[in-house]
Amino acid sequence: MKIMNCPLNGPRNISEFAYGGDVRPVPNDDADPKAWADYLYMKTNQPGIAVEWWIHVPTSYWFMAERDLRTDEILATYPPKLPATGATP
Amino acid sequence: MASSSLRRSFLRVPLNKIGATWADLASAEIAALIPGENASAPVVLRDLSTMPRTGFKGADSPAWLEARGVVLPPAPNLATKQADGSLVARLAPAEFLILGALNGDSAATDRLDSAWTIDSAGFCFQLPRRDSHAWLHLSGDKVTAMFAKICGVDLRTKAFANLAIAQTSVARLSAIVIRDDLGNIPSYHLLADSASAIYLWESLEDAMKEFSGSIAGYSSLPAP
């Protein structure tokens with residue numbers, strides 16, 4: 001089984017994790033509804049390195065992962081912070 | 001045995017089916033004896049679900065617990081034995097699970113529960129664990145071989161130190177596994193969603209069959 005490294009718990013089977021979507025800047029509270037709709041419903045979905053939210057389900061621990069969408073290779077995982085590989089969140 | 005305690009195990013039905021004798025312990029009923037039990041089997045499964053336990057979570061919880069004399073584990077996923085026999089498990093930097101002493105003494109958890117009030121504890125929040133989680137106890141020489149069938153984490157004694165914690169999936173159920181040896185007998189606490197307790201119990205019964213596992217009562221639990 002594919003293994004993912006949880007920053008809190010260490011290497012675990014990928015079945016213990018759930019995907020939480022792209023890491024993207026949250027619009028301001030007073031932003032245009034179009035900006036909020038874009039944030040909530042539109043996905044980037046382009047090949048390349050993506051910065052994503054993932055959760056380790058047994059501990060409900062949210063963290064960030066950088067994943068190459070062309071190869072499905074997980075490049076890095078870390079507690080919520082700025083990207084490690086220079087990818088744009 | 002007749003009992004006056006209101007608190008009953010989530011596993012009362014399967015334990016009654018195998019003829020468990022119930023006894024009062026810590027204001028609850030616990031399966032004390034199981035007909036035909038073999039407490040020295042290669043895998044021994046016990047139900048401790050009615051035993052005292054509690055939890056605390058939040059940014060101020062380490063300081064709040066330390067102020068009450070609790071010795072905290074230095075990092076997440078480690079546990080520390082307290083002088084009173086209770087076990088403090090650090091599940092995250094600011095989340096703690098406290099298992100009462102195995103002799104059923106609830107003094108440690110009662111003391112913390114009664115000291116906590118929402119107005120005085122800041123960002124330290126009580127996290128009751130006695131109803132949310134079933135508490136199973138697994139021990140024996142083959143217990144790690146049995147775990148290998150149902151858990152992806154290497155829990156063998158050479159890879160998983162005493163008082164280490166794995167928060168992982170056991171029989172496809174999110175669970176907390178804490179190694180807490182009884183003398184030189186490899187022993188693990190397994191806590192998982194109480195609503196799925198019967199499923200987990202049956203999965204463990206099935207997994208331990210090939211190792212001649214035995215369900216045992218609380219009375220045969222060796223002294224720590």
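**Close-up views of a two-chain predicted model**

**View 1. The two domains of chain B.** The centres of domain 1 and domain 2 of chain B, taken over C-alpha atoms, are separated by 22 Å. The model is predicted. Domain 1 is built from two segments, 43-50 and 132-219. Domain 2 covers 53-126. Across the boundary, nine residues of domain 1 of chain B are in contact with 10 residues of domain 2 of chain B. On the domain 1 side, strand 10 and strand 11 of chain B each supply at least two of the touching residues. That side of domain 1 divides into six nonpolar, two polar and one charged residue.

**View 2. Strand 11 of chain B and its two partners.** Strand 11 of chain B spans residues 173-179 and is mostly covered. Five of its seven residues are buried. Strand 10 of chain B, residues 165-170, runs antiparallel to strand 11 of chain B, and six bridges join the two. In this pair, T168(B) stands opposite A175(B). Strand 12 of chain B, residues 187-193, is also antiparallel to strand 11 of chain B, with five bridges between them. Here I178(B) stands opposite H189(B). Strands of a sheet pair through backbone hydrogen bonds, either parallel or antiparallel.

**View 3. The turn between strand 10 and strand 11 of chain B.** These two strands form a hairpin with two residues between them. A171(B) takes a positive phi near 50° in this hairpin. R172(B) lies in the loop between strand 10 and strand 11 of chain B. Phi of R172(B) is also positive, near 65°, and R172(B) is not a glycine. Most residues other than glycine have a negative phi. Is R172(B) buried or partly exposed? R172(B) counts as partly exposed, because it has 14 C-beta neighbours inside 10 Å.

**View 4. S212(B) in a loop of chain B.** S212(B) is found between helix 5 (197-208) and strand 13 (214-215) of chain B. Phi of S212(B) is about 55°, a positive value in a residue that is not a glycine. S212(B) has 12 C-beta neighbours inside 10 Å and therefore counts as exposed. The cut-off for an exposed residue is 12 or fewer.

**View 5. The fold of chain A.** Chain A has one helix and six strands. From the N terminus on, the elements run β-β-β-α-β-β-β. The C-alpha trace of chain A spans about 40 × 30 × 20 Å along its principal axes. Of the 89 residues in chain A, 20% are buried. Among contacts in chain A with a separation of 6 or more, 44% link residues 24 or more positions apart.

**View 6. The open sheet of chain A.** Four strands of chain A form an open sheet in the order 3-4-5-6, with antiparallel pairing. Strand 3 (17-22) and strand 6 (73-78) of chain A are the edge strands, each pairing on one side only. The twist averages 35° from one strand to the next. Strand 4 (residues 49-56) and strand 5 (residues 61-68) of chain A pair over eight bridges. Which residue is the bridge partner of W54(A) in strand 5 of chain A? The partner is F63(A).

**View 7. Where chain A touches chain B.** Nine residues of chain A are in contact with 10 residues of chain B. The chain A side of this contact divides into three nonpolar, four polar and two charged residues.

Methods
Residues are numbered from 1 along each chain as its sequence is written. Chains are lettered from A and ligands numbered from 1 in the order in which they are written. This is a predicted model: local features need pLDDT of at least 70, side-chain atom pairs count only at pLDDT 80 or more; totals for chains, interfaces and linings use all residues. Two strands pair if DSSP finds at least two bridges between them. Two residues are in contact if their C-beta atoms, placed from the backbone, lie within 7 Å. Axes are lines fitted to C-alpha atoms, for helices over the stretch in contact, and angles run from 0 to 180 degrees between N-to-C directions. Ala, Val, Leu, Ile, Met, Phe, Trp, Tyr, Cys and Pro count as nonpolar, Asp, Glu, Lys and Arg as charged, and the others, Gly among them, as polar. Domain bounds come from an automatic or database domain assignment.
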